[in-house]
Amino acid sequence: MRNAPSTDELKEIHHKMVVTRELEEVLGAYAKEGKTRGPIHRCDGQEAVGVAACVALRSDDYVCTTHRGHHVYVGKGLTARGIVAEIFGRETGYCKGRGGHMLLGDVTTGMLGGNAIVGAGIPAATGMALSIQILKQDRVAMVVFGDGAAQTGICHEAMNMAGLWKLPVIFVLENNQYGLTVRQDVQSPVADLSIRAAGYAMPGEIVDGNDAEAVYRSVAAAAERARRGEGPSLIEAKTYRVKGFSTSDMGGYQSEEEMAPWLERDPIKLSAEKLAALVGAETVSAIEAAARAEVASAFEVALADPFPTFEIHAPSAAYSESK
Ligand SMILES: Cc1ncc(C[n+]2csc(CCOP(=O)(O)OP(=O)(O)O)c2C)c(N)n1
């Protein structure tokens with residue numbers, strides 16, 4: 001059993017959370033100048049969920065995520081350079097510049113994709129878990145999805161199947177309390193979405209999504225359970241989206257009073273305090289400086305990378321015959 005993060009893992013989590021935050025800060029600035037391909041969906045304040053959940057898994061486990069997935073990409077081990085190159089459409093990007101920030105994937109790290117279709121990662125991970133079960137592999141699949149995605153029909157179909165067949169899948173419901181501009185309490189008749197787990201015969205748990213260690217512990221326990229063949233788990237990580245829906249959001253629907261306590265409980269701040277007590281403030285500062293330097297270098301290198309070249313494919317025989 002490995003249900004608590006080691007000090008090295010806490011350092012790794014902190015490093016990856018700072019990489020994610022810095023990456024999004026710089027991306028936000030580029031988006032403001034109109035230099036990104038479309039809006040960017042930032043996960044500020046939610047870094048602990050995606051990063052700690054991924055660090056709790058093994059490198060050959062499968063993960064998929066949403067349109068707001070930078071923390072999951074970084075958590076699963078994708079490099080800042082490859083992510084930036086993808087977002088700016090370069091040949092060196094993870095999908096050779098064809099995907100962009102919502103659709104990034106990398107088979108080698110088991111990061112099987114962001115997804116712009118709300119809720120679509122949920123059946124995808126369930127399918128991955130089914131393949132793991134059929135192939136008798138020692139792996140788990142995990143999906144990170146939002147409270148809005150939890151309201152889709154496919155979410156319930158997938159969870160039902162996962163519960164019935166005891167599939168090795170971890171459902172991480174990242175409850176940031178908004179689906180686009182709509183508050184969670186007007187999307188759902190229940191406040192705690194994790195209670196739905198009972199309907200699918202799986203454990204449902206609420207964790208503090210701003211506490212990286214709590215997220216890690218919960219996911220690690222769910223992964224152990226899945227590897228023992230005991231089936232899926234639903235983890236509701238309560239957090240808050242401290243930025244708008246995307247960089248194109250006009251805002252105005254989230255009050256400062258509502259946001260203040262969440263800004264106070266910033267996951268990076270909480271992680272820095274915990275880590276400093278373990279390894280000292282100087283080490284924490286060094287981790288943060290290294291993360292920022294990594295991101296600065298990623299932008300410098302990736303933005304000098306070449307764009308892909310596109311060639312027109314020869315039409316196939318069926319379409320080339322003149323009628
Ligand atoms: C099937 C589908 N319906 C609607 C949309 C438009 N849309 C994009 S994000 C979003 C809200 C998703 O909310 P949530 O899952 O809570 O994620 P969050 O953006 O809050 O992180 C909607 C409705 C979409 N992309 N796909």
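In this predicted model, glycine 148 places a backbone N or O atom 2.7 Å from an oxygen atom of the ligand. If you widen the view, 15 residues surround the ligand. The closest of them are His67, Arg68, Ala116, Gly148 and Tyr178.

Now let us turn to the helices, starting with H1. Two packed helices are described by the angle between their axes and the distance between the axes. Helix H1 spans residues 7-32 and helix H10 residues 281-302; their axes come within 8 Å and cross at roughly 40 degrees. Angles under 35 degrees would count as roughly parallel, so H1 is oblique to H10. The crossing of this pair is right-handed. On the H1 side, the residues in contact include His14, Val18, Leu23 and Tyr30, while H10 contributes, among others, Ile287, Ala291, Val295 and Phe299. Sorted by class, this contact holds 12 nonpolar, three polar and five charged residues.

H1 also meets helix H2, which covers residues 47-55, with axes that come within 9 Å and cross at roughly 140 degrees. That angle makes H1 oblique to H2, and H1 passes H2 in a right-handed crossing. Here H1 brings Glu9, Glu12, Ile13, Lys16, Met17, Thr20 and Arg21, and H2 answers with Glu47, Ala48, Val51, Ala52 and Val55. By class, the contact of H1 with H2 has six nonpolar, one polar and five charged residues.

How values were computed:
Residues are numbered from 1 along each chain as its sequence is written. This is a predicted model: local features need pLDDT of at least 70, side-chain atom pairs count only at pLDDT 80 or more; totals for chains, interfaces and linings use all residues. Side-chain values use heavy atoms; hydrogens and water are left out. Axes are lines fitted to C-alpha atoms, for helices over the stretch in contact, and angles run from 0 to 180 degrees between N-to-C directions. Helices (H or I, at least four residues) and strands (E, at least two) are DSSP runs, numbered from the N terminus. Angles under 35 degrees count as roughly parallel, over 145 as roughly antiparallel, 65 to 115 as roughly perpendicular and the rest as oblique. A crossing is left-handed if the near helix is turned anticlockwise from the far one by less than a right angle, and right-handed if clockwise. Contact means heavy atoms within 4.5 Å. Ala, Val, Leu, Ile, Met, Phe, Trp, Tyr, Cys and Pro count as nonpolar, Asp, Glu, Lys and Arg as charged, and the others, Gly among them, as polar. A residue is near a molecule or strand if one of its heavy atoms lies within 4 Å of it. A polar contact is a pair of N or O atoms within 3.5 Å; within protein, one must be able to donate a hydrogen and the other to accept it, and residues adjacent in sequence count only if both atoms are side-chain atoms.
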